[in-house]
Amino acid sequence: AKAQKQLKSLLFIAEQYLGKTLTKTDMDAITYFYDHLGMSADLIEYLIESCVENGHKSIHYIQKVALSWADSGITTKEQAKQQSRSYNKNCYTVLNAFGIKNRGPAASEVSYIQKWTDTYGFTLDIIEEACSRTISATHQPSFEYADSILTKWHTSNIRNSEDIRKADAQFEAGKAAKSSKSGVIKQNANRFNNY
C-alpha cells in the first residue's frame, strides 16, 4: 500500500513537471522505473526534473536516461547528481576544446562524448588531444572526425599521451620511409626517360 501511495504521488509530481495529463504510456514508463528498475521515488523525481530542465519532456527520452542510469548502477539521487556533474564536466571540456562556447551539447554530441568516456574509457586529456587534432585538420569542430581519431586510437590500444607520442613517431617514421622510397623510384624513372 505504501508503494501504491508513493507511486501515486510520483505520478502527480511527474504531471506537474511535464505540464500535462499523463498518458497511459507515461504512467507505464514511470511505473516501470519504480517496479522493475527499482528506482526510489526521489530518484525518479530527480530524473524527471533534470530531463525537463534540460528541455526534454518526452517520456521516450526520460526512459533512455532511466535505462542508462540503471546500466550504470545508479540507485540514489546522490549517485545521479555525481554522474551528472562528471557528465557536465566531460561535455563542457569537449565543447571548449572545440572552441564551442555559447551552447550546451546536442544529443548526438553527448552520445559521442559518452562513447569516448564510457565505452572507450578515454580520459579527458586524450579526448582534448583528439579535438585539437580535429581542429588542425578540418579547421572546424567535427565530432565525426574526432570520433574517427579516437576509434583508431581505441583499436590500436592507445590509452595515454605516452602511447600517442609513440604512435606519432611511428607514423612519422613510416611516412619518411615511404617518401624516400618514392624518391628512389622517381630517379630511376627519370634516368630511364633520358635515353
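Is Thr 117 buried or exposed? At 16% relative accessibility, Thr 117 counts as buried (buried means under 20% relative accessible area, exposed over 50%, partly exposed in between, with a 1.4 Å probe and protein chains only). This is a predicted model, in which local features need pLDDT of at least 70 and side-chain atom pairs count only at pLDDT 80 or more, while totals for chains, interfaces and linings use all residues. Residues are numbered from 1 along each chain as its sequence is written, and side-chain values use heavy atoms, with hydrogens and water left out.

**Confidence**
- The protein chain averages a pLDDT of 89 (pLDDT is the predictor's confidence in each residue, from 0 to 100).
- A score of at least 70 is reached by 92% of the residues.
- Among the elements of the chain, helix H8 (residues 143–155) has the highest mean pLDDT, 97. Helix H9 (residues 161–194) has the lowest, 74.
- Helices (H or I, at least four residues) and strands (E, at least two) are DSSP runs, numbered from the N terminus.

**Thr 117**
- Thr 117 sits in helix H6, which covers residues 107–119.
- Leaving out residues up to four places away in sequence, Thr 117 touches Asn 90, Phe 122 and Ile 127 (contact means heavy atoms within 4.5 Å).

**Nonpolar cores**
- The largest nonpolar core has 26 residues (a core is a set of buried Ala, Val, Leu, Ile, Met, Phe, Trp, Tyr and Cys residues joined through side-chain atoms within 4.5 Å).
- Ile 30, Phe 33, Ile 44, Leu 47, Ile 48, Ile 62 and Trp 69 touch the most other members.
- At least two residues of this core come from each of helix H1 (2–18), helix H2 (24–35), helix H3 (41–53) and helix H4 (59–71).
- H3 gives the most to this core, with eight residues.
- A second, separate core has 22 residues, including Tyr 112, Phe 122, Phe 143 and Ile 149.
- Setting aside neighbours within four places in sequence, Ile 62 contacts Leu 18, Phe 33, Leu 47, Ile 48, Cys 51, His 56 and Lys 57.
- In soluble globular proteins, nonpolar side chains tend to be buried together.

**Cysteines**
- The structure holds zero disulfides (a disulfide is a pair of cysteine sulfur atoms within 2.5 Å).
- Cys 91 is in no disulfide, and its nearest cysteine sulfur, that of Cys 131, is 11 Å away.
- Cys 131 is in no disulfide either.
- Cys 91 is buried, with a relative accessible area of 1%. Cys 131 is buried too, at 0%.

**Largest pocket**
- The volume of the largest pocket is about 1000 Å³.
- On a 1 Å grid over the protein atoms alone, a pocket is an open set of points where a 1.4 Å probe fits, with protein on both sides within 12 Å along at least five of seven lines; lining residues have an atom within 4 Å of a point.
- Grid points are joined across faces, edges and corners, and a volume is the space filled by probe spheres set on the points.
- The pocket is lined by 32 residues, and Tyr 61, Val 65, Tyr 87, Val 110 and Gln 114 lie nearest its centre.
- H3, H4, helix H5 (77–97) and H6 are the elements that give two or more residues to the lining.
- H5 supplies the largest share, nine residues.

**Positive phi in loops**
- His 139 lies in the loop between helix H7 (124–138) and H8. Its phi is near 60°, a positive value in a residue other than glycine. His 139 counts as exposed, at 67% relative accessibility.
- Asn 157 lies in the loop between H8 and H9. Its phi is near 65°, a positive value in a residue other than glycine. Asn 157 counts as exposed, at 57%.
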